[in-house]
There are 2 protein chains.
Amino acid sequence: MERLTIVKVGGKVVEEKESLDLLLNQFAQIRGKRILVHGGGRLATTLAEKLGIETQMVEGRRITDEATLEVVTMVYAGLVNKNIVAGLQARGCNSIGLTGADLNVIRAKKRPVKDIDYGFVGDILGVNTSELRLLLNEEVVPVMAPITHDCHGQLLNTNADTIAADLAIELSNYFTVNLFYCFEKKGVLLNAEDENSVISELSFDRFKLLQEEGVIKEGMIPKLDNGFNAMRNGVSQVLITNPNLISMARGTRLSLKED
Amino acid sequence: MERLTIVKVGGKVVEEKESLDLLLNQFAQIRGKRILVHGGGRLATTLAEKLGIETQMVEGRRITDEATLEVVTMVYAGLVNKNIVAGLQARGCNSIGLTGADLNVIRAKKRPVKDIDYGFVGDILGVNTSELRLLLNEEVVPVMAPITHDCHGQLLNTNADTIAADLAIELSNYFTVNLFYCFEKKGVLLNAEDENSVISELSFDRFKLLQEEGVIKEGMIPKLDNGFNAMRNGVSQVLITNPNLISMARGTRLSLKED
């Protein structure tokens with residue numbers, strides 16, 4: 001099967017022009033079919049602050065009331081997405097910005113209220129691979145913003161790591177998929193103080209052990225849960241890494257081998 | 001040739017949920033191939049105000065400094081565009097939101113500084129009809145936000161009326177194009193106080209006469225200039241109308257007949 005590279009980028013990388021330029025340089029050099037999935041949470045928090053809208057996070061997830069949904073739609077689907085698309089076009093990479101609503105690419109449902117009311121947050125119901133494959137076959141690079149819809153006109157804020165994993169899983173029926181989670185660190189660190197303490201290969205058992213020990217925490221937990229879920233469901237390779245290391249395929253490689 | 005309907009919608013219509021729903025109901029019922037082009041200027045002005053960014057207009061054109069460009073990118077390409085796309089998907093209309101940067105659909109250049117420095121405002125250099133036709137042939141409905149790019153990574157604020165006219169002109173090589181400019185009035189009014197004083201057919205000579213007399217003024221002037229330019233360059237029909245009147249094709253019809 002043909003190879004497809006899916007790069008998810010978030011954190012500080014998309015926030016600052018310099019690091020975004022570096023990511024786009026690296027991304028534009030990847031050969032073959034590609035999809036870029038981006039976040040933009042900190043920029044959304046900054047805009048919300050300026051507008052006097054309070055940001056509430058529960059376990060790394062944003063409580064999304066109506067005003068917050070407007071903010072994330074503007075920041076993710078507008079500001080971040082279109083600057084990435086223009087940046088890729090400048091690098092000769094014919095890209096198209098998408099949310100889940102565009103071409104009905106990702107259907108979701110509003111997360112049911114249990115202990116916490118997350119508001120307009122979407123849980124993914126399905127990925128429409130036929131439209132994505134049509135674009136990929138035209139050598140177009142989809143750039144996904146982390147917004148989906150419920151097919152009834154409601155936009156929904158949706159976790160970008162999960163979008164990347166779900167796209168990777170569904171498209172692994174048609175391609176050999178490599179999934180890269182890119183952020184400002186060089187990989188999963190054994191010691192948060194030491195940038196060079198990257199774990200080169202991480203099994204699920206060791207992940208759970210390190211999570212218990214508090215070595216792996218916060219936003220890294222859902223990212224790794226998504227990554228292992230992708231590995232278990234047909235994705236060939238999942239790497240947690242830095243934009244600089246994409247071409248060398250270095251960073252933390254997830255492994256399904258048992259310890 | 002097959003028919004293509006291009007609807008440009010702006011003003012209060014896209015701002016309020018009720019009038020937008022009405023427009024989307026009407027638009028979803030149009031048969032055959034369709035493109036929707038939208039504005040959103042007043043929403044941009046409101047957001048700029050909240051952020052303490054001063055809005056400066058010269059002859060209906062927005063002076064676009066860096067902060068203003070961020071605002072219009074967020075409002076046009078994010079908030080307005082994605083809500084329209086989700087609203088059309090809810091009505092069974094498979095749509096995709098685009099700026100000129102997506103698929104490199106519209107190339108532009110930053111307007112040269114003469115008497116006035118408009119900032120990051122784009123003058124259109126070319127329309128990439130092949131990508132648009134690919135989408136139209138897949139029965140996909142492009143929804144265009146009034147943002148273009150310069151192919152070097154710079155997004156540019158671009159007049160939506162001009163985008164609609166330029167798309168109509170370029171696509172008239174492949175389709176019989178009907179162009180509708182929709183806003184809150186029923187057409188071009190002879191008497192601003194009388195909603196029913198719609199001019200049913202308007203020739204260029206009469207337009208210029210009414211402009212001299214001050215009957216036609218402000219934002220209506222560039223809209224009509226764009227409309228007559230489209231008529232002169234292959235577009236079959238240009239109508240200035242209200243969303244309610246699209247299906248009846250009523251409103252002010254532009255005419256190239258000499259008086």
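Mentor: First, a term: two strands pair if DSSP finds at least two bridges between them. Keep in mind that this model is predicted.

Now the sheet in chain A. It is open and has 8 strands, in the order S5-S8-S2-S1-S11-S13-S14-S12, with mixed pairing. Its edge strands are S5 (95-98) and S12 (201-203) of chain A, and each pairs on one side only. On average, neighbouring strands of this sheet are turned by 20 degrees against each other, ignoring direction.

S12(A) pairs with strand S14 (residues 252-255) of chain A in the parallel sense, over 3 bridges.

Next, two helices of chain A. Helix H3 (residues 66-90) of chain A has 25 residues. From first C-alpha to last, H3(A) reaches 35 Å, close to the 36 Å expected at 1.5 Å a residue. H3(A) is not straight throughout: it bends by about 35 degrees at Asn81(A). Of its 25 residues, 20 are buried, so H3(A) is largely enclosed by the rest of the structure. Just after H3(A) comes Gly92(A), with a positive phi of about 75 degrees.

Helix H5 (residues 160-171) of chain A has 12 residues. H5(A) reaches 16 Å from its first C-alpha to its last, close to the 16 Å expected. Look at its start: a side-chain oxygen of Asn159(A) comes to within 3.0 Å of the backbone nitrogen of Asp161(A). H5(A) is mostly covered, with 11 of its 12 residues buried. Among them are Ala160(A), Ile163(A), Leu167(A) and Leu171(A).

Finally, turn to chain B and strand S1 (residues 3-9). Here 6 of the 7 residues are buried, so S1(B) is largely enclosed by the rest of the structure. S1(B) runs parallel to strand S11 (residues 176-182) of chain B, and 7 bridges join them. Arg3(B) has Thr176(B) as its bridge partner in S11(B). S1(B) also runs parallel to strand S2 (residues 33-38) of chain B, joined by 6 bridges. There, Val9(B) stands opposite His38(B). Between S1(B) and S2(B) the chain crosses through helix H1 (residues 17-29) of chain B, and this β-α-β crossover is right-handed.

Terms used
Residues are numbered from 1 along each chain as its sequence is written. Chains are lettered from A and ligands numbered from 1 in the order in which they are written. This is a predicted model: local features need pLDDT of at least 70, side-chain atom pairs count only at pLDDT 80 or more; totals for chains, interfaces and linings use all residues. Side-chain values use heavy atoms; hydrogens and water are left out. Buried means under 20% relative accessible area, exposed over 50%, partly exposed in between (1.4 Å probe, protein chains only). Helices (H or I, at least four residues) and strands (E, at least two) are DSSP runs, numbered from the N terminus. A crossover is right-handed if, with the strands pointing away from the viewer, the path from the first strand over the helix to the second runs clockwise. The expected span of a helix is 1.5 Å times one less than its number of residues. The bend at a residue is the angle between axes fitted to the seven residues ending there and the seven starting there. A polar contact is a pair of N or O atoms within 3.5 Å; within protein, one must be able to donate a hydrogen and the other to accept it, and residues adjacent in sequence count only if both atoms are side-chain atoms. Axes are lines fitted to C-alpha atoms, for helices over the stretch in contact, and angles run from 0 to 180 degrees between N-to-C directions.
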